[in-house]
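Me: I'm new to reading protein structures and would like some practice. Could you walk me through one, feature by feature?

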Amino acid sequence: MAAENPVESLQEEATCPVCLEYFTEPVILECGHNFCRACISQCWEGSDTAASCPQCRETVQQRNLRPNRQLANIIEIAKRLSLQAAKGAGGDGVCGEHQEALKLFCEEDQTPICVLCDRSRAHCAHMVVPIQEAAQEYKERIQAHLKTLREEREKLLGLKATGEGKSREYLKQTQTERQKIVTEFQQLQQFLEEHERLLLAQLEKLDEENVRIQNENVSKLSEQISHLSELISELEGKCQKPASEFLQDVRSTLSRCEKRKFEQPEEISPELEEQVSDFSQKTIVLSETLRKVKDTLLSELERKRGESFGAHRQVNVTLDPDTAHPWLVLSEDQKSVRRGDTQQRLPNYPERFDCWACVLGCEGFSSGRHCWEVEMGDGDLWAVGVAKESVRRKGEISPSPEGGIWAVQWCWWGQFQALTSPVTPLPLSRVPSRIRVCLDCDRGQVTFIDAGDGAPIFTFPLGSVPGERIRPWFRVGVGSQLSLCP
């Protein structure tokens, strides 16, 4: 094929017909054709017959290889011209091996190549197309992908905007409800404080009236007691006198004794007693009302809390004795397990744990939402959670999601932790005495809740639980006991 321009013509003339690359140490034969010294030597190697030109097949009588210095200079010029042409056309599109412009694209190797690369053995059997044509083809394919990606991005942006809008709306609603709750409780608090002051003020008046009556009665009684004491002292003295003196004015003395009347103390009025009784009834009504309000609020909070996990079906979990480590002792109803003092002689079933003091629940789940509660006794170590059906039973196990176990653990040194990898310390103010395990196979997560107050403890993230069968898992340390709640 004719060259497209003088530079390409010069490149063709500077190319060895054997290796199809720029001449290296060019030599000229008697017939006038040029070759690389190494190429022509390789062609004639091992031949005992007369040498011939690889290009015209003319017999060469003498194997004298004369260097073609003029051609070597022309090759250097051709290389520089090719490099300048490539730089002027597009910058860095230059073959690193031949310093030629990258004008072709190899489909097999998925790389731009130059004209000399196309003629080399490395690419001679490959599908090669002009680089602009390849660029246009791949650009169209990329543009098609770009269109799809932009559409997907727009959809995601729309979902993001919708989600953010809903989130803002929910935040507004929660803020409004929060303000309502604060206002209602402030009004209720103000109402209760006002009635508290009113009732206490009324009680204060009753106390004052009661004290007044008591003080008046005490004063009157003290005065009468004083008069009586004086009269008694006078009569006792009179009785000690002789008869003649004693009988003087005896009638007057008797008259004073007989005419003496004592004033009864003022009694608490029926009105005051009625008011006190009325206050007692008000106190009973107030206590009952406040108790009902408290019970209603607690009941509503419990209902709301239950709605969060209400979709979980409460299941009756029992322990599987065939999986229990020989150190573990199960109750007859298989609802509790403790660490024994001696190792039992039990059949070494394939499903039995033989290294860690663990036991599985009989029940297994692969779909749906389920929950159960475990009560913890005292002890140095215990752990509760779930495990894959295929969890390792023999030898050392890895108590982590990577090992097929999702659980929380209490250690003897006083640390409560989630058995992630690495473990996650759980800074709780107290260790729960009862834990609710909530397994959501559909969403692929396990949540642990303090069954005492309903507070969440830890949730293993979405996707942590595989699709295979999941069973309750328990680990019991020295002096520990775990019981499944009915």
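Me: Let's start with sheets. How do I read one, and in what order do the strands of the open sheet run here?
Reply: The general idea is that strands of a sheet pair through backbone hydrogen bonds, either parallel or antiparallel. Keep in mind that we're looking at a predicted model. Here 6 strands make an open sheet, in the order β12-β21-β14-β15-β16-β17, with antiparallel pairing. At the edges sit β12 (358–360) and β17 (424–425), each pairing on one side only.

Me: Can we zoom in on one pair? How many bridges join β14 and β21?
Reply: Strand β14 (residues 382–388) and strand β21 (residues 470–476) are joined by 7 bridges, in the antiparallel sense.

Me: What does β11 pair with?
Reply: Strand β11 (residues 336–339) pairs with β10 (residues 328–330) over 3 antiparallel bridges, and L328 stands opposite R339 there. The hairpin of β10 and β11 has 5 residues between the strands, and Q334 takes a positive phi near 55° in that hairpin. β11 also pairs with strand β22 (residues 481–484), again antiparallel and over 3 bridges. In that pairing, R338 has Q481 as its bridge partner.

Me: Now the surface. Which residues make up the nonpolar patch?
Reply: The patch consists of I181, F185, L188, F191, L192, L286, L290, V293 and L297, and together they have about 740 Å² of accessible area. Helices α5 (131–239) and α8 (270–309) each supply at least two of its residues. The largest share, 5 residues, comes from α5, while L297 lies in α8.

Me: How many salt bridges are there, and could you show me one?
Reply: A search of the whole structure turns up 10. One of them links E177 with K180, where the closest N and O atoms are 3.6 Å apart. Look at the spacing too: E177 and K180 are 3 residues apart in helix α5, so about one helical turn separates them.

Methods: Residues numbered from 1 in each chain as written. Predicted model: local features only at pLDDT ≥ 70, side-chain atom pairs only at ≥ 80, totals over all residues. Heavy atoms only, no water. Pairing = 2+ DSSP bridges. Helix = DSSP H or I, 4+ residues; strand = E, 2+ residues; numbered from the N terminus. Patch = residues over 30% accessible without salt bridge, like charges linked within 9 Å, V, L, I, M, F, W, Y side chains within 5 Å. Areas by Shrake-Rupley, 256 points an atom, 1.4 Å probe, with all protein chains shown as cover. Salt bridge = Lys/Arg side-chain N within 4 Å of Asp/Glu carboxyl O.
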